[in-house]
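Please look first at the sequence and the 3D model shown below, and keep both in view while reading. The briefing after them goes through the chain topic by topic.

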Amino acid sequence: MKTILTQAQMNFVIVNQKQKIRIPTKNIIMLEGHNNYTLFYLQNGKQSMYARTIGHFQELLDSDQFIRIHRGFLVNTCCIVGYDKTENKLQMENNLEAMISRRRRKNLSDVFLYQN
């Protein structure tokens, strides 16, 4: 269920309601889905896993800043460092890599055209 948030609240993603865990969106490099769990890769090098699907977090995060490039990857466009065309991977900050699916390559190129 998606709730209406104020502008101040949109700078965070709430990953656990009970424990009131919020992660600033600017600190998220990418999310990796593992069945019903999502692994967060953060700017400080830490990784955190939460018991929600990657689709749940995709609905909460800003679609202008975060893009789904694969069934299992959601990346922060501000943290993209490079693109390896031969292996279809994005190079992210902190030496992370994310696979790009065939179907989502065009969406990714549209984002790069829009940003430039």
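Is Asn76 buried or exposed? With a relative accessible area of 1%, Asn76 is buried, where buried means under 20% relative accessible area, exposed means over 50%, and partly exposed lies in between (1.4 Å probe, protein chains only). The model is a predicted one, in which local features need pLDDT of at least 70 and side-chain atom pairs count only at pLDDT 80 or more, while totals for chains, interfaces and linings use all residues. Residues are numbered from 1 along each chain as its sequence is written, and side-chain values use heavy atoms, with hydrogens and water left out.

**The chain as a whole**

- The chain holds two helices and ten strands, both taken as DSSP runs numbered from the N terminus, with helices being H or I over at least four residues and strands being E over at least two.
- Read from the N terminus on, these elements follow the order β-β-β-β-β-α-β-β-β-β-β-α.
- Of the 116 residues in the chain, 35% are buried.
- Among the contacts in the chain with a separation of 6 or more, 34% are between residues 24 or more positions apart, where contact means heavy atoms within 4.5 Å.

- Strand 1 (residues 12-16) pairs with strand 2 (residues 21-24) in the antiparallel sense over four bridges, and two strands are said to pair if DSSP finds at least two bridges between them.
- Within this pairing, Ile14 has Arg22 in strand 2 as its bridge partner.
- The two strands, strand 1 and strand 2, form a hairpin with four residues between them, and Lys20 in the turn has a positive phi of about 55 degrees.

- Five strands form an open sheet in the order 5-4-3-7-6, and their pairing is antiparallel.
- At the edges of this sheet are strand 5 (47-50) and strand 6 (66-70), each of which pairs on one side only.
- From one strand to the next, the twist averages 20 degrees, with axes being lines fitted to C-alpha atoms (for helices over the stretch in contact) and angles running from 0 to 180 degrees between N-to-C directions.
- Strand 3 (residues 28-34) and strand 7 (residues 73-76) are joined in the antiparallel sense over three bridges, and Phe73 in strand 7 is the bridge partner of Glu32.

**Asn76 in its surroundings**

- Asn76 is found in strand 7, and its side chain makes a polar contact of 3.4 Å with the side chain of Gln65.
- A polar contact is a pair of N or O atoms within 3.5 Å; within protein, one must be able to donate a hydrogen and the other to accept it, and residues adjacent in sequence count only if both atoms are side-chain atoms.
- When neighbours within four places in sequence are left aside, the residues in contact with Asn76 are Thr25, Ile28, Ile29, Gln65, Phe66 and Met92.

- Three strands form an open sheet in the order 8-9-10, with antiparallel pairing, and its edge strands, strand 8 and strand 10, each pair on one side only.
- Strand 9 and strand 10 pair in the antiparallel sense over four bridges, and Met92 stands opposite Leu96 in strand 10.
- Asn88 lies in the loop between strand 8 (80-84) and strand 9, and at 17% relative accessibility Asn88 counts as buried.
- The side chains of Asn88 and Tyr83 are joined by a polar contact of 3.5 Å.

**Nonpolar cores**

- In soluble globular proteins, nonpolar side chains tend to be buried together.
- The largest nonpolar core has 16 residues, and those with the most contacts inside it are Met30, Ile69, Val75, Leu90 and Met92.
- Such a core is a set of buried Ala, Val, Leu, Ile, Met, Phe, Trp, Tyr and Cys residues joined through side-chain atoms within 4.5 Å.

**Cysteines**

- A search of the whole structure finds zero disulfides, a disulfide being a pair of cysteine sulfur atoms within 2.5 Å.
- The sulfur of Cys78 is 6.3 Å from the closest cysteine sulfur, which is in Cys79, and this is too far for a bond.
- Cys78 is exposed, with a relative accessible area of 56%, whereas Cys79 counts as buried at 2% relative accessibility.
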